[in-house]
Amino acid sequence: MLAYFNSSHGLEKAREAGVHINGARVIYSGIDLNLFPYRPRERLGLQLRLLLPGRVTENKGVHDAIAALAKLVHHYPDLKTSLRIVGPLVDADYAERIRLQVTELGLQGQVIFVGPVPNMHMSSVYRETDICLLPTHQTEGLSRVPIEAMACGTVV
């Protein structure tokens with residue numbers, strides 16, 4: 001069987017699972033730089049806009065991003081900080097737990113659930129962001145998210 005993987009980790013996991021693969025190749029993710037053009041970043045000021053793009057599931061670490069935002073707010077009360085979560089709410093129970101977490105931490109208005117955004121519009125989302133977070137708990141190859149964000153000049 002001829003197979004392609006986007007990471008050597010994925011290939012190794014398939015082999016560990018007993019999949020017999022001969023001649024498998026790893027083709028690393030690339031992006032269209034016309035869709036994700038670079039722009040120089042301005043210096044950070046008294047506003048910090050955080051972004052977490054991806055499915056809202058526990059293994060993506062959304063709860064960790066919210067906890068980190070709470071620490072930023074606590075340690076830097078004069079810093080106007082927000083977290084936009086861009087992606088579909090896949091797990092309703094988890095979505096309810098993180099909404100409760102937002103309320104318990106007093107972060108209403110600072111955590112914004114945007115929902116899915118078409119890929120062709122993500123470059124503007126990255127450019128409106130100071131720092132893109134990727135607190136995933138998954139073992140995976142390099143996601144497209146940090147590649148796209150860095151291509152746009154967003155800190156990851």
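The legends below describe close-up views of a predicted model. In this model local features need pLDDT of at least 70 and side-chain atom pairs count only at pLDDT 80 or more, while totals for chains, interfaces and linings use all residues. Residues are numbered from 1 along each chain as its sequence is written, and side-chain values use heavy atoms, with hydrogens and water left out.

View 1. Helices (H or I, at least four residues) and strands (E, at least two) are DSSP runs numbered from the N terminus. E148 has 4% relative accessibility and therefore counts as buried (under 20% relative accessible area, 1.4 Å probe, protein chains only). Its side chain makes a polar contact of 3.0 Å with that of Y126 (N or O atoms within 3.5 Å, one able to donate a hydrogen and the other to accept it; residues adjacent in sequence count only if both atoms are side-chain atoms). Leaving out residues up to four places away in sequence, E148 touches I31, F36, N119 and Y126 (heavy atoms within 4.5 Å).

View 2. At the start of helix 5, a side-chain oxygen of S143 comes to within 3.1 Å of the backbone nitrogen of V145. Just after the helix, G153 has a positive phi of about 90 degrees.

**View 3. The largest nonpolar core.** This core has 18 residues (buried Ala, Val, Leu, Ile, Met, Phe, Trp, Tyr and Cys joined through side-chain atoms within 4.5 Å). Helix 2 gives the most to it, with 5 residues.

Technical notes:
Buried means under 20% relative accessible area, exposed over 50%, partly exposed in between (1.4 Å probe, protein chains only).
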